[in-house]
Amino acid sequence: MRCEASITLIIFLLIATIPVYPILQPSKPADPQEQVDVGEVEEIVRNALEQLRAGDSAGAINGLAEAIMYIRNKSPLRIAKLFLCSEVRDYNDYDAKQGYALNSGEPLLLYFEPEGYGILKEGSEYLIWISQDVEIKDDKGDVIFQKNNWVEYKRAFPTPFVPFYMTNRITDIPPGNYTYSYTLKDHHKNIFLTDSFEFTVR
């Protein structure tokens, strides 16, 4: 059995969406929505606008970034999209399968997008640190695959606008019925979420 995992980040502000066929509902938040202090957000945005009026566009952009980071850090960790795919090309660019079945010899290719992850600012950099555990059990409860911290992503960026996706790819799964369980861990927020789904290899 071979396996691959990857993370890809794309830094931009506006992302076009395309119709897809979800195989799972989004995961339930690992933590409740924290109360956002609207007054604090308004103050940050007000200061950014004042900087813009003064001709400091860079300062205004940084101020708005601070507001977005504040709201993001108050949001619950969750999986916004999760699809079993036949092909993944890029962020929001994939061929989602309809259903939970794979043919023998076909790889299990999973695409998902985390949201609500923590962003830590250090100096002029914004830090993300996320990892993922994976476990697959057959219908007898036997573990056929298990990886802790299979995907671990710890990087710094000049902006908090960091939409990204993650993939898992596992090949040579024998025919049978399975449960795929995963745990996504946010090391900055010190929280995690766990979810699972069932699939079949025919």
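Predicted model: local features only at pLDDT ≥ 70, side-chain atom pairs only at ≥ 80, totals over all residues.

## Stop one: a lysine in a loop

Start by selecting lysine 97: with 18% relative accessibility, lysine 97 counts as buried (buried means under 20% relative accessible area, exposed over 50%, partly exposed in between, with a 1.4 Å probe and protein chains only). Lysine 97 sits in the loop between strand E3 (93-96) and strand E4 (101-102). Helices (H or I, at least four residues) and strands (E, at least two) are DSSP runs, numbered from the N terminus.

Residues are numbered from 1 along each chain as its sequence is written, and side-chain values use heavy atoms, with hydrogens and water left out.

## Zoom out

Show the whole protein chain as a cartoon: there are 2 helices and 11 strands. From the N terminus on, the order is β-α-α-β-β-β-β-β-β-β-β-β-β. Of the 202 residues in the protein chain, 40% count as buried.

## The two helices

Select helix H1 (residues 38-53) and helix H2 (57-74). H1 and H2 pack at an angle of about 165°, with their axes 7 Å apart; axes are lines fitted to C-alpha atoms, for helices over the stretch in contact, and angles run from 0 to 180 degrees between N-to-C directions. H1 and H2 are therefore roughly antiparallel to each other (angles under 35 degrees count as roughly parallel, over 145 as roughly antiparallel, 65 to 115 as roughly perpendicular and the rest as oblique). Show some side chains too: the H1 residues that meet H2 include Val41, Ile44 and Ala48, and the H2 residues that meet H1 include Gly63, Leu64 and Ala67.

## Into the core

Which residues have the most contacts inside the largest nonpolar core? Select Leu108, Leu110, Tyr117, Tyr180, Leu184 and Phe199; this core has 36 residues. Helix H2 and strands E2 (78-90), E5 (108-115), E7 (125-138), E8 (143-157), E9 (164-171), E10 (176-186) and E11 (191-201) each supply at least two residues of it. A nonpolar core is a set of buried Ala, Val, Leu, Ile, Met, Phe, Trp, Tyr and Cys residues joined through side-chain atoms within 4.5 Å. A second, separate core of 7 residues includes Phe83, Tyr91, Leu109 and Tyr165.

Stay with tyrosine 117, in the loop between E5 and strand E6 (120-122). Tyrosine 117 is buried, with a relative accessible area of 2%. Leaving aside its neighbours within four places in sequence, tyrosine 117 is in contact with residues including Arg72, Ile128, Phe164 and Asp186 (contact means heavy atoms within 4.5 Å).

## Last stop: two loops

Buried or exposed: what is asparagine 190? Asparagine 190 is exposed, with a relative accessible area of 69%, and lies in the loop between E10 and E11. Its phi is near 60°, a positive value in a residue other than glycine. Finish at aspartate 172, in the loop between E9 and E10. Aspartate 172 also has a positive phi, of about 60°.
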